[in-house]
Amino acid sequence: MARYKNAAPTRSTHRARKNWVVIDVTKFLTLMAEGRVKGTLPQDHDGQCLFKLEYQVRVATAFGAYTERQARLYASNGGNWSSVEMLKKAGQRFSYKYFEGTRYAAVELRVLMFLREQPRISWDIAAMRREMYARYGDAILESLCTSFFPPTRTLAECKAEAARDQAELDRTAGKKPRPPIPTKPPKRRAYRIVDLEEFRNRRADALHAAEDNGTDPMSVHEGLLLKRATMTAVIPSSSWQRAVDRFRFRVTADRCHLPFGRFIAISEFEWSKAVELRELPALLTRDAIRKSLVAPPRAAKVPAVPLPWLRLWEAGCDDGQYGLPYYTLKQLLQFPLKRGKRQTPLIALTPAMRAWRPQRRRTKRAKQEQFAFPEGGIRPRPLRCVDRRRPNQYLLFPS
């Protein structure tokens with residue numbers, strides 16, 4: 001296949017040829033800045049400026065191109081495939097005038113209409129196509145180029161998964177795989193099947209209806225739309241992938257005509273929480289729904305600053321007097337300090353000061369008194385007696 005026929009299909013559906021427009025981005029930004037300085041262009045809407053300046057910044061047109069590269073080639077060499085074929089048969093070289101991506105932007109006519117509606121235009125056409133797909137669903141694929149893939153995961157998620165796979169390969173390099181450890185069968189959970197395409201179509205219709213009625217688009221309850229796009233059957237399964245497979249087999253048996261990626265499975269508990277949300281992520285996926293249900297982290301409590309004990313100097317007071325200055329009523333209500341809180345001393349104690357103990361007063365020990373009992377009488381036990389091993393120790397009774 002020749003270089004200029006870069007029309008290899010990237011999707012199994014929606015492969016029709018598109019009509020393209022080439023916009024001079026540099027010229028548009030310059031004219032928009034000059035018009036806003038003069039006051040002839042709106043200050044807060046880039047799409048209206050593009051609509052008014054389109055006849056000046058629209059430098060070329062391409063008809064019947066599949067991809068953006070093919071559209072740039074057609075626009076640089078006559079505008080369609082027949083003109084490119086004539087140059088090829090004549091043996092002339094192709095022109096690549098509009099291949100400079102920073103200056104020229106090649107967009108489909110449907111994308112151009114979408115840019116006119118945007119208050120801010122970033123000229124990242126790939127991001128504009130992703131936003132259109134998130135807003136209008138699979139129905140917009142008929143108007144987008146063949147090289148556009150419906151995004152399933154972000155680039156950061158793909159990089160993280162590739163890093164995990166590479167780390168696992170490095171860890172198990174040269175090792176013999178161990179047999180799996182026999183475990184108990186996992187518990188089965190109840191899952192709900194959500195049709196993502198139906199949800200996108202319902203959300204797009206609701207947003208268009210809100211725009212036509214003049215109501216606020218934020219009033220659309222997306223959780224209710226998610227509930228209406230959910231299948232009525234509850235499928236018990238051990239994992240969400242198996243739940244989707246069981247649903248596909250239940251609907252189409254062994255034919256499997258349902259497209260992959262259109263249906264997702266969410267646990268019934270998470271689904272009951274998601275249908276109560278008024279706003280859902282723009283690109284609805286299983287991970288995005290689960291992240292929206294996670295509560296934001298609580299803010300850390302800032303420790304209360306203790307009241308400053310300042311040294312006061314007043315007429316007639318000693319140098320060592322301390323007091324509490326007046327700040328606010330709330331601070332005064334915190335005085336005195338609550339019991340149990342450790343208070344910092346006003347004077348730093350040294351180790352010698354901490355080790356000091358008062359001397360005990362020395363006293364003489366009392367001795368056992370000798371009682372004289374009459375002869376023949378019963379001699380009672382003494383109240384106290386002296387221990388022979390320790391003479392200075394008195395016992396209550398002899399051992």
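Two strands count as paired if DSSP finds at least two bridges between them. Strands (E, at least two residues) and helices (H or I, at least four) are DSSP runs, numbered from the N terminus. This is a predicted model, where local features need pLDDT of at least 70 and side-chain atom pairs count only at pLDDT 80 or more, while totals for chains, interfaces and linings use all residues. Residues are numbered from 1 along each chain as its sequence is written, and side-chain values use heavy atoms, leaving out hydrogens and water.

Let's start with the sheet. Three strands form an open, antiparallel sheet in the order β5-β4-β6. Because β5 and β6 stand at the edges with a single partner strand each, one side of each is left without a neighbour in the sheet. Five bridges join β4 to β6, and Asp195 has Phe263 in β6 as its bridge partner.

| Strand | Residues |
|---|---|
| β4 | 189-195 |
| β5 | 230-237 |
| β6 | 263-267 |

Helix α10 (residues 240-252) lies across β4, β5 and β6 and runs at about 120° to β5. Such angles run from 0 to 180 degrees between N-to-C directions, with axes fitted to C-alpha atoms, for helices over the stretch in contact (heavy atoms within 4.5 Å).

Now for the cores. A nonpolar core is a set of buried Ala, Val, Leu, Ile, Met, Phe, Trp, Tyr and Cys residues joined through side-chain atoms within 4.5 Å; buried means under 20% relative accessible area (1.4 Å probe, protein chains only). The largest has 42 residues, and Trp20 and Met132 are among those with the most contacts inside it. Its largest share, five residues, comes from α6. Apart from this core lies another of 17 residues, including Leu225 and Ile264.

Terms used:
Buried means under 20% relative accessible area, exposed over 50%, partly exposed in between (1.4 Å probe, protein chains only).
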